[in-house]
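Please read the following explanation with the sequence and the 3D structure side by side. It goes from the overall make-up to the interface and then to single residues.

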Amino acid sequence: MNNKPLTKATPTELKQIELKQTELKQTWLRLTWLSLKVFIAHYRHAPIQAGAILLGIALAVTLLIGVKATNDNAVRSYSDATELLSQRADVLLTPPLAQNTLDESVYFDLRRAGLSQSLAVVNGKISGKNGQFWQLEGSDLIAALTLQKSRSYASTETHSTTSPQMNDLPLADLLNGAPTVIMSRSLADKVAPEGKLVLENSTLDVIAIDDNFGLGSAILADISLAQQLLNMQGRLSYIAMFSERENLPQLKSQLDALGITPQKASFSQQDQGQALIALTRSFHLNLNAMSMLAFVVGLFIAYNGVRYSLMKRQKLLVQLLQQGIERRALMTALMFELILLVVIGSSLGFISGLQLSHWLQPMVAMTLEQMYGAHLLPGIWQWTWLFEAIALTLIAALGACLPLYLDLTRQALAQGANRYQQMQAHRKTHSIQFALACGLLTVAALLFPFSQSYNISLVLLGIVAIAIPLLLPQLLHWGVSALMPLARPGLWQYLLAETRELIAPLSLAMMAILLALSANVSMNTLVGSFEQTLRTWLETRLHADLYIRPPSQRIDTIQTQLMHDPRVSGLYQQWQIEAQLSLPVSTDNPSEQTIPVSLLSRDEFSTRHTSALKESLPTLWQSYFNAPVILVSEPLAIKYQLQLGDSVSLDALKQTGNSQAIIGGIYYDHGNTRNEVIISQPLWQKAQLPLLPVSLAASFHGNEQGSRISEAQLDQLQAQLATELGLSQAEIYSQTKIKTQAIAMFKRTFSITLVLNSLTLIVAAIGLFSACLMLTQARQAPLARLYSLGVSRNALRAMVFMQMLIVVLITCLLAMPTGALLGYLLINKITLQAFGWTIKMIWDWQAYGKAILIALTTCTLAVLLPLYWQTRKPLVASLQQETL
Amino acid sequence: MADVAKPNPVAKLNQVSKGFRDGEQYHQVLQAVNLQIHRGETVALTGPSGSGKSTLLNLIAGFETPDSGEILLEQASTSTWQDKEWSRFRRDSLGVVFQQFNLLTPLNVKDNIAFSLSLTAQPWSPWCDYLVEKLGLLPLLHRPVEALSGGQQQRVAIARALAHKPTLLLADEPTGNLDDVSGKQVMALLCELARESQTSILMVTHSEECAAFMQKRWHLSQGAVAIYEQ
Ligand SMILES: Nc1ncnc2c1ncn2[C@@H]1O[C@H](COP(=O)(O)OP(=O)(O)OP(=O)(O)O)[C@@H](O)[C@H]1O
Ligand SMILES: [Mg+2]
């Protein structure tokens, strides 16, 4: 018998353990401990095996924690934003209908009436030195301080973390009107390292305060300074009021008594960030789904590692059993080992996950700010995440590894020939998986016609994502079997016959990789298609040469000036107010629903030619200018299932005597999450809405009659006009600049998605690498057998490579329809239903090619490396290796 | 005089030494061994367990490299052989029966036997049918090799080693797992092969009975070889 030890140092160790064994009483626990010690000795001699398992777990947890920390932090930011007390108000008094500000006197009335639980706020965008925009928030600091004190008792539970007090601020300076603004330390370090900031041409002192105040990227100032900077003297943006929920009716009657009627200010209840949470849900879901995917792929690496290390210990385990260690003890020891590895791996992953989230957060902050206007607070983290990660990893790892352990301990002590039976069992599992997948896909197909809502679409996406990988093992089997008759006897025949046997050990890894590849391809397709759609849409939307958005009090003069400018060939206007749209009561809408919308109007030319209509009534343009016919944006139409011809009511139309209007058209509004409605100018005037436009656009004459102005001329003209009209860089934009900015913004918005997507692909590549590497390592003996029969090393290399190539190529081939299907669902269901943007799907060959290239390179490396190692040791050693 | 009649040794060992390092310890297994085996010659290799019999076979097959000395195969020195030469020799001239069978698990019995044939692009021959019949493999031909018993696997391994009529057959206890009757059959088969196709056979065995079938006997002990003519 070949009694060669398996792990070089185990005999001595075993002997020592045996000696101790006689001294101690025979207990089950001791046996477990003994086995565990042997395992640790094993890993000491094979650190790479332990390393692979740890790497897998750590990678999985890193991505899980990284995204979780980022997401939790964002969600916490919305609901817990201390970013100005005002955001946590229970009630807001906002400007009355068709106005952008409200009168300061309302606030004085409130305070005089003893309603001290209120806070006046002005806010707005303000331009900095390089045409950069800042969000400036001004509020009554004294009121804020007293409120902060009284509120901090009431809401201690939301601020279990250190809640900084405003007392540390240099109040005297702030209150006596010194030009001083406050911002969070991290922002100040970035933009005002010298403690000075230039806003609207005035230089301001900057006070940096702790990030925990939750200012995010906003700039805070006392109300008088802010009014001055924003040119809003005597005006307010809103008043925040604090009140218990049950006191609200009382508060309302109090306001009525004070004469604060809807003509002076509108009353609206706040939801403490709930709306934002709902709005961004799909965004977070998206991130979560991707992190879960990466987590699963990471765990496959760990699973592979466990599998390999078990295979390497097969004889060792049999020896332990033969020496009289109970199976139960052995099992416990294996479990213990796994738990140990999971705890260590998860802890490593936890640390790097926090690091990752640190790195992702600015990106997420950017996206959330671009899309939803939400500010993010600096990162926090909790120990519970670590425990959650450990628990989740442990459950997943135990679930995956338990069958392996059971197989192993059930193994006959006599070195049995049960491999053949195992093979048969695998075949059966694969066909069951295939049947299950077919069932799931059938369910998905049946569900498809009903996937009108976002939630069902998500379920649909989930089912497809689970079902398709389950198809893979059986398809691989069929694929290889189909090649069998083509193979000449000898090496080719062997190659295919063995490939068929490799499907079982490789299938899990390949399923994970299929999923990662498909996700990658589909996400890239989504982003690529979106970008293309956005570009074409911008092309239609933007027709004028320059777009001007001057401060509201100067728009009149600028408009007149431009109208008389001989260089101008066309002048276009846009009017805008905030309004409420109500849907009629119907069967699926039992109570009347009011939706806040932006109500817009444009000049006739712009409306007719740049509206990018998705669908419209055939008689739209005949009726649009002389009847109450409106255009609604696609997101609005999709969110509330509005159809052409539907009748809705707009509060802003009250003055016309009839607030009802017919939807005459639905227009694309890509990249905009707000609800928009456009009405014609005659209707706007009839409703007595503000006559001054909010923005202007102008086209200019070129050199020749009727030609457009050239790019270079336009730049010159823009600079010229800016000085002539007294506009800052931030107030005048050329068409090209808007386009580049829109695309840049779009790219930033999706950067987090793309980064996560690439990370998942990297994890998948590492997974593929570890799977191929370990499999090739595990096949040293069969390869050595071939070598001993006279197959040259080059032929062997080519053969192993071909085998992996067959498996990887079939997987990649399946990734194409899967990626297309997932992409289709992402574009035509998820994005459409979550955001209301119709996107034309463009298949991204480049992304697909890149994914395949990565897969192939990885697997080539993973195959060649072990074969190279093998050439450096005697053939006999390889012949005696354990096999799968 | 025997050497004059058979001037071409198929395998020749000149001062071959081989030892292994086990951690700190080094132990010599073969010490300056000189041996040669001629065309059609059959040799039984005996010796106590651990004496280096398998090591000797591994050296001749190129599965291990000698620490010093030279091995000549078909009159060519192997010291400069690379992968290509070794592979060609193994394909064309060598048959091996291992102590632990080393069958190709993905293939069935017939394909295992045909494998060495197909490597040299030879078709299935009447000789193969004869082998299959003699070794009692006919009912097993289409079974997967893993589902076979130890003795059955051993017979497949023998059939595979003989199928392409190698010039040199190295067998490590080929009858270890067989009952007396099949053991004798295998020995008869080996002798027949040696006679008919001038195959040289080097066979490790612990059994006196099997050793008796061979023309010569080499006895290994303490790193040296004693040669007995029978
Ligand atoms: N790869 C190796 N590493 C270390 N020592 C080895 C190695 N291969 C063989 N040996 C040692 O060389 C000696 C000879 O081994 P070998 O397998 O040749 O013996 P054997 O004569 O075939 O024995 P048996 O009749 O039991 O098969 C033994 O002591 C063995 O431990
Ligand atoms: Mg031996």
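Predicted model: local features only at pLDDT ≥ 70, side-chain atom pairs only at ≥ 80, totals over all residues.

Residues are numbered from 1 along each chain as its sequence is written, chains are lettered from A and ligands numbered from 1 in the order in which they are written, and side-chain values use heavy atoms, with hydrogens and water left out.

Chain A has 28 helices and 21 strands; helices (H or I, at least four residues) and strands (E, at least two) are DSSP runs, numbered from the N terminus. Of the 884 residues in chain A, 53% are buried. Buried here means under 20% relative accessible area, exposed means over 50%, and partly exposed lies in between (1.4 Å probe, protein chains only). Among the contacts in chain A with a separation of 6 or more, 81% are between residues 24 or more positions apart, a contact being heavy atoms within 4.5 Å.

The next topic is the interface. Here 23 residues of chain B are in contact with 26 residues of chain A. The area buried between the two chains is about 2,400 Å², and carbon and sulfur atoms give 60% of that area. Buried area is the accessible area (1.4 Å probe) that two parts lose on being put together, summed over both. Between chain B and chain A there are zero salt bridges, a salt bridge being a side-chain nitrogen of Lys or Arg within 4 Å of a carboxyl oxygen of Asp or Glu. Four residue pairs are in polar contact between chain B and chain A, both residues at pLDDT 80 or more. On the side of chain B that touches chain A, the elements that give two or more residues are helix H3 (83–93) and helix H4 (109–119) of chain B. The residues of that side divide into ten nonpolar, six polar and seven charged. In this division Ala, Val, Leu, Ile, Met, Phe, Trp, Tyr, Cys and Pro count as nonpolar, Asp, Glu, Lys and Arg as charged, and the others, Gly among them, as polar.

Against what do the buried residues of H4(B) pack? They pack against helix H17 (491–541) and helix H25 (780–788) of chain A, together with helix H5 (126–134) and helix H6 (150–163) of chain B. These buried residues include B:Val109, B:Ile113, B:Phe115 and B:Leu117. The N-terminal end of H4(B) is capped by B:Asn108, with a side-chain oxygen 3.2 Å from the backbone nitrogen of B:Lys110. After H4(B) comes B:Ala121, whose phi is positive, near 55°.

From the side of chain A, A:Ala497 lies in helix H17. A:Ala497 is buried, with a relative accessible area of 6%. Apart from neighbours within four places in sequence, A:Ala497 is in contact with A:Met484, B:Pro106 and B:Leu107.

Salt bridges come next. The whole structure holds 17 salt bridges over all chains. In one of them, the side chains of A:Lys68 and A:Glu388 meet at 3.4 Å, N to O. A:Lys68 lies in helix H3 (residues 47–80) of chain A and A:Glu388 in helix H14 (residues 383–410) of chain A, so the pair ties together parts that are 320 residues apart in sequence. A:Lys68 is partly exposed at 23% relative accessibility, and A:Glu388 is partly exposed at 41%.

Two further salt bridges lie within single helices. A:Arg535 and A:Glu531 meet at 2.7 Å, N to O, and are separated by about one helical turn because they are four residues apart in helix H17 of chain A. A:Arg535 is partly exposed at 37%, whereas A:Glu531 is buried at 14%. A:Glu604 forms a salt bridge with A:Arg608, the closest N and O atoms being 3.2 Å apart; both lie in helix H19 (residues 604–610) of chain A, four residues apart. An α-helix has 3.6 residues a turn, so residues three or four places apart point the same way. Elsewhere, A:Asp565, A:Arg567 and A:Glu724 are linked in a network of salt bridges.

Finally, the cysteines. The structure holds zero disulfides over all chains, a disulfide being a pair of cysteine sulfur atoms within 2.5 Å. A:Cys812 is buried at 1% relative accessibility, whereas A:Cys438 is partly exposed at 32%.

Note on methods:
Polar contact = N/O pair within 3.5 Å; in protein donor to acceptor, adjacent residues only side chain to side chain.
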